[in-house]
Protein chains: 2
Amino acid sequence: MKVYLAGPDVFLSDAMAVGRRKRDICAAHGLVGLFPLDNEIDPAGPEASLAIFQANTRMMREADAIVANLTPFRGPSADAGTVYELGFMAGQEKFCTGYSNVPGVYLDRVAGTRSLDGSALFYDSDKLIIEDFGLADNLMIVHALDLFGHALITPQQTPVDIWHDLTAFEACVRLVAERAKRA
Amino acid sequence: MKVYLAGPDVFLSDAMAVGRRKRDICAAHGLVGLFPLDNEIDPAGPEASLAIFQANTRMMREADAIVANLTPFRGPSADAGTVYELGFMAGQEKFCTGYSNVPGVYLDRVAGTRSLDGSALFYDSDKLIIEDFGLADNLMIVHALDLFGHALITPQQTPVDIWHDLTAFEACVRLVAERAKRA
């Protein structure tokens, strides 16, 4: 079974090494990991971003499952590119798994939470309502995993290096491998 | 034609009124707008978030197109729930349109951009690389619109009220209406 390895890992300065480690973990569980940077596109080339999009989309169509790194990225939610890819794979009815290396709930991560009007609602600094369901991130992300694959995996405690600890990643890979055995 | 109206508009304190305005604009162009809050789920009820997810997913399956409000939300990128929904609709091979009421490129919106190593790369404050393709947001979002519908619509200048100005929204609705006529 082929599994698409989505995540902001591609933005790490050692992204290639992390991709190799992720693929090795997949191989140890009998799976083929597809890591976006394996597409070998020159990021400085003309139309590079479009070529990357097309190559990633091809990989997603080829894969039977996704393991999405949904660790919060540049804000309270997961990386936008990864969330798009989770949606795409859900839309394609593939097996969806994901993890976040930062435990805790979304509401607590949004800066400036406060009740403005005496109601039970919380608002951010732009006076937009903050969803308060006790979930780790936006409900569309969390429940997509619940219903189209397996519940979000998070560690009990935040690992020392949230961008290099692959314990939760491997737990997702194990779920995909079990699914592959049953299929 | 039915069009799913995705966006963080649901978090506005006058979300119902904005939803009505969006549906009215759709109707004026001969379309049926499906706004998530029309699902009439008690947000304080048991399993509310799961019920909202399922109702939104039903609406997306029912719709032929999406107009996604991709205005930056709690960070440099669009709202995570909206991005998931764009991905889902792309995965379902629906007609994808979207707008952002904040013009400008992603790189300029990420705090702390700086070149660390004398290379052409930019890094954020966590030393993660910032993508630098001159695009408005993550390349997966921008090119999904380019290839599965129509390029992102943005105003020339930021409107006075980015959460209530529906000029760019209406431009997307017009695109969907044209598509409906051709179909």
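The model is predicted, so local features need pLDDT of at least 70 and side-chain atom pairs count only at pLDDT 80 or more, while totals for chains, interfaces and linings use all residues. Residues are numbered from 1 along each chain as its sequence is written, chains are lettered from A and ligands numbered from 1 in the order in which they are written, and side-chain values use heavy atoms, with hydrogens and water left out.

**Salt bridges**

- Over all chains, the whole structure holds 8 salt bridges (a side-chain nitrogen of Lys or Arg within 4 Å of a carboxyl oxygen of Asp or Glu).
- One of them joins R61(A) and E93(B), with 3.8 Å from N to O. This pair crosses between chains, running from helix α2 (residues 48-62) of chain A to the loop between α3 (80-91) and β4 (95-99) of chain B. Helices (H or I, at least four residues) and strands (E, at least two) are DSSP runs, numbered from the N terminus.
- R61(A) is partly exposed at 39% relative accessibility, and E93(B) is exposed at 61%. Here buried means under 20% relative accessible area, exposed over 50%, and partly exposed in between (1.4 Å probe, protein chains only).
- E93(A) and R61(B) also meet in a salt bridge, at 3.8 Å from N to O. It too crosses between chains, with E93(A) in the loop between α3 (80-91) and β4 (95-99) of chain A and R61(B) in helix α2 (residues 48-62) of chain B.
- E93(A) is exposed, with a relative accessible area of 60%, and R61(B) is partly exposed, at 39%.
- Within chain B, K22(B) forms a salt bridge with D9(B), their closest N and O atoms being 3.0 Å apart. The two sit 13 residues apart, K22(B) in helix α1 (residues 15-28) and D9(B) in the loop between β1 (2-6) and α1. Both K22(B) and D9(B) are buried.

**Two buried residues**

- L175(A) belongs to helix α6 (residues 167-182) of chain A and is buried, at 15% relative accessibility.
- Leaving out residues up to four places away in sequence, L175(A) touches F95(A), T97(A), H150(A) and I153(A) (contact means heavy atoms within 4.5 Å). H150(A) is 25 residues away along the chain, yet its C-alpha atom is 7.8 Å from that of L175(A).
- D124(B) lies in the loop between β5 (122-123) and β6 (129-130) of chain B. With a relative accessible area of 3%, D124(B) is buried.
- A polar atom of the D124(B) side chain lies 2.8 Å from the backbone nitrogen of D126(B).

**Cavities**

- There are 5 cavities of 30 Å³ or more. On a 1 Å grid over the protein atoms alone, a cavity is a set of points where a 1.4 Å probe fits but cannot get out, and lining residues have an atom within 4 Å of a point. Points are joined across faces, edges and corners, and a volume is the space filled by probe spheres set on them.
- The largest cavity holds about 210 Å³ of space. Its lining has 21 residues, with S77(A), A78(A), F73(B), R74(B) and A78(B) nearest the centre.
- The second largest cavity has a volume of about 60 Å³, and its lining includes L70(A), R109(A), D137(A) and L152(A). Helix α5 (residues 139-148) of chain A gives the most to this lining, with 3 residues.

Terms used:
Polar contact = N/O pair within 3.5 Å; in protein donor to acceptor, adjacent residues only side chain to side chain. 1 Å grid on protein atoms, 1.4 Å probe; cavity = no way out; pocket = protein on both sides within 12 Å on 5 of 7 lines; lining within 4 Å.
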